[in-house]
Amino acid sequence: MVETGFSSFDTMVDKANRLLKDVEEAFEWPRDRRKQSYAALRAVLHPLRDRLPVETAVQFGAQLPTLIRGIYYDGWKPAETPAY
C-alpha cells in the first residue's frame, strides 16, 4: 500500500492500484506493465462513457473509485454524448 500520510489518499491510491492489478491479471501482464494497464482501462472507460446516455454515464461514474472516476471523466463533453 502506498503511504502518502493522508489515509483518504492512501485508500484512493490503493483502490486504483487494485483495479489496475485486476487488469494485469486478466491479461496476464507483469506488474512492470502498469502504464499499459492504465492505458487499457482508459481505452475501455472513455468509449463506454461516450456511448451511454448522460444520466447513465454519471450514475456509472459515481460508482467508481475516486482516482478511476477522474480518469473516466477526463476530457468528457456531456453535450456531445451519447455518440452513436
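A: Terms first: helices (H or I, at least four residues) and strands (E, at least two) are DSSP runs, numbered from the N terminus. Read along the sequence, the protein chain then goes α-α-α-α.

Q: What kind of model is it, and how are residues numbered?
A: It is a predicted model: local features need pLDDT of at least 70, side-chain atom pairs count only at pLDDT 80 or more, and totals for chains, interfaces and linings use all residues. Residues are numbered from 1 along each chain as its sequence is written, and side-chain values use heavy atoms, with hydrogens and water left out.

Q: How many helices and strands?
A: Four helices and zero strands in the protein chain.

Q: What does the C-alpha trace span?
A: About 40 × 30 × 15 Å along the principal axes of the protein chain.

Q: And how much of the chain counts as buried?
A: 27% of the 84 residues. Buried means under 20% relative accessible area, exposed means over 50%, and partly exposed is in between (1.4 Å probe, protein chains only).

Q: On to packing. How do α1 and α2 cross?
A: Helix α1 covers residues 7–27 and helix α2 covers residues 34–51. Their axes come within 9 Å and cross at roughly 95°. Axes are lines fitted to C-alpha atoms, for helices over the stretch in contact, and angles run from 0 to 180 degrees between N-to-C directions.

Q: What do you call that arrangement of α1 and α2?
A: Roughly perpendicular. The cut-offs: under 35 degrees is roughly parallel, over 145 roughly antiparallel, 65 to 115 roughly perpendicular, and the rest oblique.

Q: Which residues of α1 and α2 meet?
A: Asn 17, Leu 19, Leu 20, Lys 21, Val 23 and Glu 24 in α1 meet Arg 34, Ser 37, Tyr 38, Ala 40 and Leu 41 in α2. Contact means heavy atoms within 4.5 Å. By class, the contact of α1 with α2 has six nonpolar, two polar and three charged residues. Ala, Val, Leu, Ile, Met, Phe, Trp, Tyr, Cys and Pro count as nonpolar, Asp, Glu, Lys and Arg as charged, and the others, Gly among them, as polar.

Q: What about α1 and α4?
A: Those axes come within 7 Å and cross at roughly 65°. That makes α1 roughly perpendicular to α4. Met 12, Val 13, Ala 16 and Leu 19 of α1 contact Thr 66, Leu 67 and Ile 68 of α4. The residues divide into six nonpolar, one polar and no charged.

Q: And α3 with α4?
A: The axes of α3 and α4 come within 9 Å and cross at roughly 155°. So α3 is roughly antiparallel to α4. On the α3 side are Ala 57, Val 58, Phe 60, Gly 61 and Ala 62; on the α4 side are Arg 69, Tyr 72 and Tyr 73.

Q: Which residues make up the largest nonpolar core?
A: Eleven in all: Ala 16, Leu 20, Leu 41, Leu 45, Leu 52, Ala 57, Leu 64, Ile 68, Ile 71, Tyr 72 and Trp 76. A nonpolar core is a set of buried Ala, Val, Leu, Ile, Met, Phe, Trp, Tyr and Cys residues joined through side-chain atoms within 4.5 Å. The largest share, three residues, comes from α4.

Q: Is Ala 57 buried or exposed?
A: Buried, at 0% relative accessible area. Ala 57 lies in helix α3 (residues 54–62). Leaving aside neighbours within four places in sequence, Ala 57 contacts Arg 49, Leu 52, Tyr 72, Tyr 73 and Trp 76.

Q: What does Ile 71 touch?
A: Tyr 38, Arg 42, Leu 45 and His 46, not counting residues up to four places away in sequence.

Q: Backbone now. Where is the cis peptide bond?
A: Between Thr 81 and Pro 82, with omega about 0°. Pro 82 is in the segment after α4.

Q: What is phi of Glu 28?
A: Near 60°, a positive value in a residue other than glycine. Glu 28 is in the loop between α1 and α2. At 71% relative accessibility, Glu 28 counts as exposed.
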